[in-house]
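Me: I would like to learn how to read strands and helices in a structure like the one shown here. Could we go through a few features slowly?

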Amino acid sequence: MNNGLHSMENYLSGNNLEYFKSCLLPGVVNPTSKEVAEKLGTLKNDSVDKPYFFIGAGTCGLGAGALHTKKTLLGLLKSLHLNYEIIEVGCIGLCFAEPIMDVFLPGKNRLSFGHVTSDKVEPIVHALLNHDQAILSQALFQYQSDHLMKWENVPFMEEYPFLKKQKRIVLSQCGIINPLSIGQYIAQSGYVPLAKTLKELTPIEVCDIIEKSGLKGRGGGGFLTGKKWKFALSTPSDQKYFICNADEGDPGAFMDRAVVEGDPHKLLEGLIIAAYAIGASKAYIYIRAEYPLAIAHLEKAIDDLYLWKFLGSNIFDSGFDLDIIIKKGAGAFVCGEETALIHSIEGKRGMPRPRPPFPAVSGLHGKPSVINNVETLANIPAIILNGSDWFNSLGNNNSKGTKVFALSGKIKNTGLVEVPMGITMREIIFDIGGGPKNNKLFKAVQIGGPSGGCVTNEHLDINIDYDSLKTIGAMMGSGGLVVMDEDNCMVDVAKFFMDFIQRESCGKCIPCREGTKQMQNILEKITRGRISEKGNDALDRFKGILQLEELSNTIKETSLCGLGQSAPNPILSTLKYFRHEYEAHIFDRRCPSGVCSELVNFEIIEEKCKGCTLCAKKCPSSAIKGTPKAPHYINNEKCIKCGQCLKVCKFGAIIKN
Amino acid sequence: MKIEINHQSINMPAGISILDACKSVNINIPTLCYLEDLFPSGSCRMCVVEIAGMKNLVTSCSTQITEGMKIFTHSNRVIAARKSILELLLSNHPDDCLYCDKNNSCELQKLSAELGVRNRNFSKHSIEKEIDKSSPSLVRDPSKCILCGRCVRVCEERQTVSAISFIKRGSQTKVTTAFDGGLNTSNCINCGQCAMVCPTGAIVEKNNIKDVLAALSDPDKVVVVQHAPAISVTLGELFGFKPGSDVNGQMTAALRKMGFQFVFETSFSADVTIMEEASELVERIKKGDKLPLMTSCSPGWIKFIEHFYPEFLNNLSTCKSPQQMMGALIKSYWAKKKNIDSKNIYSVSIMPCTAKKFEAGRAEMITGGFADIDAVLTTREFAKMIDMFNINLAKLKPENADDPLGKHSSAAKLFGVTGGVAEAALRTAAFLITNDDSKVQEIREYRDLEGIKELTLNINGITLKTVVVSGLANARQVLDDIKRGIKQYHFIEVMTCPGGCIAGGGQPFGLDKNRIISRMKALYQIDKNEKIRKSHHNKDVAALYEEFLMHPLSKQSHELLHTSYKARTGY
Amino acid sequence: MSKQNTSPSVACLLKKFPKANRGDLIPILQYVQDSEKFLSKSTMMEIGEFLKLPLSKVYGVATFYNQFKFHPPGKYQIQICRGTACHVEGSSAILAALVNDLKINAGETTPDGIFSLEVVACIGACGLAPVMSINGEFFAKLTCEKIKHIIQSFRDKETAHE
C-alpha cells in the first residue's frame, strides 16, 4: 500500500515532499504519512468501500453509446439511493465489446461486462446487487487479486482469450484507471521513473539505458531510439526541442489515441524523461485535431503537472526546466513526416524538406530536435523502472519489447492488441482476433497503412518484427492491421490507398504529386464501368499494369519523403499476391468480390418478384421502382450497391452479378 | 576530401553540394527548381544522382559530399529516373509549344530535348486554368506552371514582397496570389523577377508588340522610341555578340529599319533626371529637410514603398524616372520644336524592366492631357521584333540617335547598374555644391554587385552619408534600420532588381552571373572612354534648360518632370 | 494605408495571443475558426496584419490543411470517416446514402443551412467501423438503415426548435 509514497519519499524531500503531500490531499494541512498512504491506497483501487462503476468512455465507447449507458446508470443508482462512484475510463482496447462497464463491489473482484448498452444496465446492476449468479455468464472477465473474493465461473483477465497472449506495457492502465486523475497514476508508481531519472541519472546515462534496451521507433521508422537521442544530445545548442508525434495519420491506426485518452500521464512521463535525456527545455505534443477527447485529457493532465510542479522550472529540485505545449494538427497526413511536422509547428505549410540535415542536428527553428511517436515514449517509464535488460528480454533478436496493434476490419474481435515482438500474424488474427467474422474466408491483412503491404494466407506464420515483414514487401508501420475477407476487392483496396495518397500528398515533389496521379488514373481505368468499351481498351488497361510497376520504381527511388517513397507499396503488394483479381478486372471486366460498383450490378428477377415493395422501401438511394404487386426493377445508375435489397428480399428475387 | 565522380577520383573541399562539386569539374547535372543563391528546396528531383551504397537516388542540390563518396551522375538508372520525372511533368503540361511565349527559351522544352523524350507514355490530365491578365506588366498561365517554386521564393526571399505563394496541396497545388485573385489585386510590384526565373511560360511579361506594330503602320502616327542605358550592353548577347559588347549604333539602325521615325536615348533624360535630382538633393541638404532623399527611377521600388513603407513617401525624390521624363519632354519640348501635334505622337520606350509597363500606366504620368509614354517593350520583346523583321543586327552599320534628345553623358549610362545613379548624381551634386568639377569623378566604392553599399563622402565640409541598395530584401533592411534609428543617411539609391537594370525583369532570360558582370563592366568601360562624363556637361541638356525649362526645379520642370505618390492597400 | 473594417469579435479573439509570431499562425486560425465557424477573407486579412505576415502566406497555409473552411458550414456538420477500416466495412455505401438523403455532395451545405457533409480522415474508432461524427458526437457501426434514422432525429430536433 505504501509503495507509491515510499518511492517518492526517496526522491523528494523537504519542501518538495510537503508540497507533494499537499497536492495529493488538497485542503488538508500537513497531512501525515499515514493519511498519505491511505489516500494512495484508495487511489490504487485495490479495494473499494462502496460500489464503483467504470464506464469505457474513450472515443470507441462513446461511439457505441457509452454516454447513454452512463446516463441510465446514474438514473438507476440515484433511484436506488446508493452510495456509489462512477468513473469514466479510457479504451481497454476491446472495441468489439463496447460499451464496456466494470462493476467493482466492496470485497469482490472487479468485474467487466461488454455490450452494455443502456437497456442492459438495469438487469446487470440488479442482478449483482441481489447476488444473482446467472448474470455472470454475460461477464467478460474479472480482475485478479490476492485479497478479494473471486466470482464463480468467470475467467480472469489473464485467461480471457483476447487478452491471454497479450503483454501490456503501454496499455497497462488504459481502460482501468481514471485518465484524468494524476493521483491514480502516481498510486501505480507513476512518476517514480521520472524522479529517479532526475535525481540519479545524467542525460547520457538515460540515453544509454534506452539504447541498450533496444527500443526502436514505434511510429514506423524503426530507428533505435536511444541512438537518435544521442545525436541530439551531442549537438551543442542553446535550445533543444523534443516533439511527440501524436498525429497518428495512418487510417486504421488508433493506438496512440487510446494511450492519450486512457493514460495520458504515461506519455507525459516518457516525454519529460526524454526531454531531459537530450537537454531540451521545451517540448511539443503535435496531436491531430480529429482527437478532441484525447486533446482534452492531455490538457487536463498537463495542467495537473504544472500544479504539482512536475513541469515548469526546477522540476524535483534537479535544475531541469521543461515546458510542454500542445499543438493541434490541422488535417494533413503528411505532417506525420518529421520535417513536415516541424514546418507545421513553425506555422508554415506542412511540406517536407531534404534531409540531411536531420532534425536531431537541425530541426525546429534550426535547433536540434528529436521527434518520437507516442508509443515509443509510453515505453520509457517502464524501461527506466525495470531496466534495459528487462525490456531486452521481450521480443526477438531484431525487435525488442512489445508492439501495440490496432486490429480492425473483417475480424470478430476488433480492438487494441499489445504483443511481444516476434509473435506470428496467425496468432494475432486467429488466437487473439478470433478469426474473420460471419464465417467468411480470410483473404489478407493490411499492415502499415498507406505505406504498407498485405500479408496473405501463405505468410500468416511470419514473425512480426521490423525485418521479417520487409522480406515479403510489407512493413510494420505504426501498427494498424486491417483484416479483409473474401468480400473485399484487392484492386479496390489499392485504389483506396492511392486515393488517400493523392489527397494527402503535399504536392512538393514531382514523382509523388504527378506519379501517384498517374497510378490513380490507371487504377480508375481498371475499375471503371464498360460505358463505352473500345477495341483496344483491354490492352490499354494491361499496359497500365506494366506501367504501374515501372512507375512504382521511379516514385520509390526519387520521392522526397517517406510518403512518396512508400506510396506504391499497397499496389505492388496487391499486384504480387492478387494478380488474378487485377486480371479479372482488366480482361473479364468483372470484380470477383463484387465490390467495384461500376462492374457490379444488382438485378431483380421478374419471375420471382412478388411486388411486395419491401426492397424499394429499404433502398437508401431510391433506386428501385415499381407498382405494388407488380415486378419491380432497379435503376443501376442510382444504385449504390449497398446490398440492402438482396438482404431483405424474402423471395430470392434479387441477384448480384 | 576525396570523392569519386563517374569512376574518376577527385579532391574536393568539404561542405559543398554534389551539384557544385560536379559543376566544378564541368559535369553538368540538369536542374529545374534550383536557384543558385537560395537554399535548395529539393522539389523537382531532376538533379538526382546515384550514390554507391545508397538504396534511393539522392538530389545533388541538397546533399553534401562526404569522404569516399562514389557518385554516378549519368548512369542508366539515373537517366531513366530523370526521363520519367520529365514525362510525368509533361503529362500535365499544355502541348502548345509553338504558340508559347517561351518557345525556344523554355527550360522544360530544353530538358525534354536533352533527355530524348519522344513518346507520350502517360495519359494527359491537364486541367484548363484561367490565365491572369490583370497586371499591366505580367501574364500568368497556371496551366504551364510546374510548381518548381522559384517565383515564390524569389518574390519572398529576394524581394520580400510575397505577392504570390503556394495554395492548397497535392495535385490541387497552385501558385497564386492571396484568395487566388488577379495579380493586380495583390501587392505585386511588377518587377518581373519571377518571370526571370520561371523555367516555363507560366509567368511572362505582357506583350505589347502588337500595339507598337499597329502604331508603326498607322500613317497618322509619328512613332518615336527611346531605349534604356542597360539595353545596348545586353542586346548583343541575343544576336551572336560577345557578352559586354555595346551595340548602341546597331540598335539605332535596327529601330529605324523597323519604321520608328525618331530614335532617342533614355540616357539623355537620365542626365535631365540628374540635373533635377542633384538639385533636389542639394536643396534638401541646405534645408535639412526630408532626408534621406531616395531615388525614384525604379517603379518596382516606388510601388514597394507605397505598399509597405508609406511613411517614407515624402523622402522619395519627386523626380519622374528618365523614361517618363523623356516621354513628357517628347510631347512638349520636342513636339513644339518640330511643330508636331502631340496627339499624333506615339511614344514607345524599350526597357530592361517589366515594371516600366506599370509605370507608364500610372495616373500621375499624364502631362498636358497626354500619357507620357504610350507603350513599353522589354529587351526581350525588342529582340523578338528584330527577329520578326528578319534584321541581321551584326551586319548593320551603326547609326546615331536623333537630336536633340539623343546625346548623353557617360554618367547617364551608369543608370543601368547598381550604384550608377548615385555616382551620376554625386558627380553633379558635388559641382552644384562646390562649383568645382574635380571633386568627384569615379566612385569605385559603388562599383560591384553587392546588395548594400554604404559610403560617406565629404564635400567641402558637408558630410554626405549615402547607401546604394539593389534587391528589395536589402531595401527593407535599410529602411528598418532607419526606422529603428540605427542608421541615418542623406541619400539612398534603390534599384529593385539585384544588380540593377542590367539584371532587370525585362532582360534576356536566365540570370547568369557572368553575363551580368560583363554588362556591368561594359558600362564602366563606356564611362572610361567617353569625353562627356557628367550630366551637367551635356550640352543638349543645357540647351533644354535654356530654351525651355529655365532651371532645375523650376515651375515648368515641376509640371513636366516631377510626380507624386500615394499609399496603397492590396495584400 | 486605409485600415480594413475590423469585426469586433475577431479582434477580441486575437487578444488571446499577445506575443504571437509565425509559429502561432495555425493555432490562431484554429481558434478563430472554432469561434467564427469558418475563415472569411476579412478574417484572414486581419490575422495577416496581426502577425505581420503576407496575406498570400496566410492563405497558403490555411488552404494547405483540411481543417480550415472558407464557407459557412451547416448547423450540423456531418463528418464521415474515410479510414481503411471504415472503407473495408462499406463506408462508401454510407456516404452514398447520406448524399442521397441530404441531396448534397461531400463538401457542400444544404440550402437551408442545416446540414453540411464532409469526408474526413481517420477518426480513430476503427474497431467500430463505419463511423461518423455530427458536431463532435460519434456514431459507430453504421448501416444505411441507421443513417436514415440518425438524420431524421436531427431533422426532428430542428422542427421541434421552430
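Reply: Gladly, and please keep in mind that this is a predicted model. Let us begin with the pairing of strands: strand 10 of chain B and strand 11 (residues 262-265) of chain B are joined by four bridges and run in the parallel sense, and within this pair Val225(B) stands opposite Val263(B).

Me: Which residue is the bridge partner of Val225(B) in strand 13 of chain B?

Reply: The partner there is Val348(B), and strand 13 (residues 345-351) of chain B runs parallel to strand 10 of chain B, with six bridges joining them.

Me: Which way do the residues of strand 10 of chain B point, and are they buried or exposed?

Reply: In a regular strand, side chains alternate between the two faces of the sheet. Here Val222(B), Val224(B) and Gln226(B) point one way, while Val223(B), Val225(B) and His227(B) point the other way, and all are buried.

Me: How should I describe helix 6 of chain B and helix 12 of chain B?

Reply: Two packed helices are described by the angle between their axes and the distance between the axes. The axes of helix 6 (residues 209-216) of chain B and helix 12 (residues 379-388) of chain B come within 11 Å and cross at roughly 50°, and the two helices are therefore oblique to each other. Their crossing is right-handed, and the contact involves residues including Leu213(B) of helix 6 of chain B and Met385(B) of helix 12 of chain B.

Key: Residues numbered from 1 in each chain as written. Chains lettered and ligands numbered in written order. Predicted model: local features only at pLDDT ≥ 70, side-chain atom pairs only at ≥ 80, totals over all residues. Heavy atoms only, no water. Buried < 20%, exposed > 50% of the residue type's maximum accessible area, 1.4 Å probe, protein only. Pairing = 2+ DSSP bridges. Axes fitted to C-alpha atoms, helices over the stretch in contact; angles between N-to-C directions. Parallel < 35°, antiparallel > 145°, perpendicular 65-115°, else oblique. Left-handed = near helix turned anticlockwise from the far one by under 90°. Contact = heavy atoms within 4.5 Å.
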